[in-house]
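Could you follow along in your viewer as you go?

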Amino acid sequence: MSVIIVDNFLDPILIDLLNIKFLYETPHTWGHSSNSFSQNHEKEDMFYAANLDSNDFTLKYIHLKLSNHLRLQTEIKRVYINIQHNNMKGNFHYDDGDITTLLMITPTPQKGGQFEYIDQNNKIKTIPYEQNKLIVFNGIKHRGCCYVDDKPRITLAYKLNIVKTKLQWK
């Protein structure tokens with residue numbers, strides 16, 4: 001697997017409710033960075049984030065939908081939201097876990113918000129930000145870019161591990 005893109009992953013009403021929940025009702029803190037191993041963060045490299053409870057009914061539903069779509073049995077390593085305002089750029093980095101899924105929650109911007117990754121030819125590839133777009137990937141260097149306008153960019157990230165099952169021989 002390299003990168004899988006799924007448009008309109010969730011029901012539009014659910015995506016709107018998640019936008020409200022994550023923007024206005026979920027406490028989040030400033031000071032997170034794409035590359036947590038670096039101690040030399042610039043102010044614009046920092047952004048807001050919030051770890052979420054994977055036992056939340058809605059988040060369990062989304063996890064089940066993700067696993068069914070991928071046709072894999074997975075377990076949640078962690079689930080969280082990233083919130084970037086104007087000038088909060090992301091840095092290229094690798095993720096932990098077997099698979100990362102990234103769901104674009106906030107409305108589609110006029111400009112900016114794209115997801116970028118470096119392909120096997122060392123070229124930067126861009127996926128435009130569109131509300132309710134799901135991006136699934138593993139093992140790629142990537143980053144999220146902020147919107148150009150004054151609205152926040154919120155993504156819901158699941159770090160998943162593939163559950164290893166024993167083969168049944170007949």
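1. Four residues of H1 are buried, namely Ile15, Leu18, Asn19 and Phe22. Viewed down the axis of H1, the buried residues fall within an arc of 105 degrees, so they line one face of the helix. Please keep in mind that this is a predicted model.

2. On the other side of H1, you will find Ile13, Leu17, Tyr24 and Glu25 exposed.

3. The length of H1 checks out. Helix H1 covers residues 12–25, and its 14 residues should span 20 Å at 1.5 Å a residue; the end C-alpha atoms are 19 Å apart, which agrees.

4. Have a look at the N-terminal end of H1, which is capped by Asp11. A side-chain oxygen of Asp11 lies 2.7 Å from the backbone nitrogen of Ile13.

5. What do the buried residues of H1 pack against? Their partners are helix H2 (57–70) and the strands E4 (74–84), E5 (99–104) and E10 (153–162).

6. The largest nonpolar core has 24 residues, and Phe22 and Leu156 have the most contacts inside it. Two or more residues of this core come from each of H1, H2, E4, E5, strand E8 (134–137) and E10. A second, separate core has 12 residues, including Leu102, Met104, Phe115 and Tyr129.

7. Leu156 deserves a click of its own. Leaving aside neighbours within four places in sequence, Leu156 is in contact with Phe22, Leu52, Leu59, Ile62, Val79, Tyr80, Ile81, Thr101, Leu102, Leu103 and Ile105.

Key
Residues are numbered from 1 along each chain as its sequence is written. This is a predicted model: local features need pLDDT of at least 70, side-chain atom pairs count only at pLDDT 80 or more; totals for chains, interfaces and linings use all residues. Side-chain values use heavy atoms; hydrogens and water are left out. The expected span of a helix is 1.5 Å times one less than its number of residues. Buried means under 20% relative accessible area, exposed over 50%, partly exposed in between (1.4 Å probe, protein chains only). The arc is that of the directions from the helix axis to the C-beta atoms. Contact means heavy atoms within 4.5 Å. A polar contact is a pair of N or O atoms within 3.5 Å; within protein, one must be able to donate a hydrogen and the other to accept it, and residues adjacent in sequence count only if both atoms are side-chain atoms. A nonpolar core is a set of buried Ala, Val, Leu, Ile, Met, Phe, Trp, Tyr and Cys residues joined through side-chain atoms within 4.5 Å.
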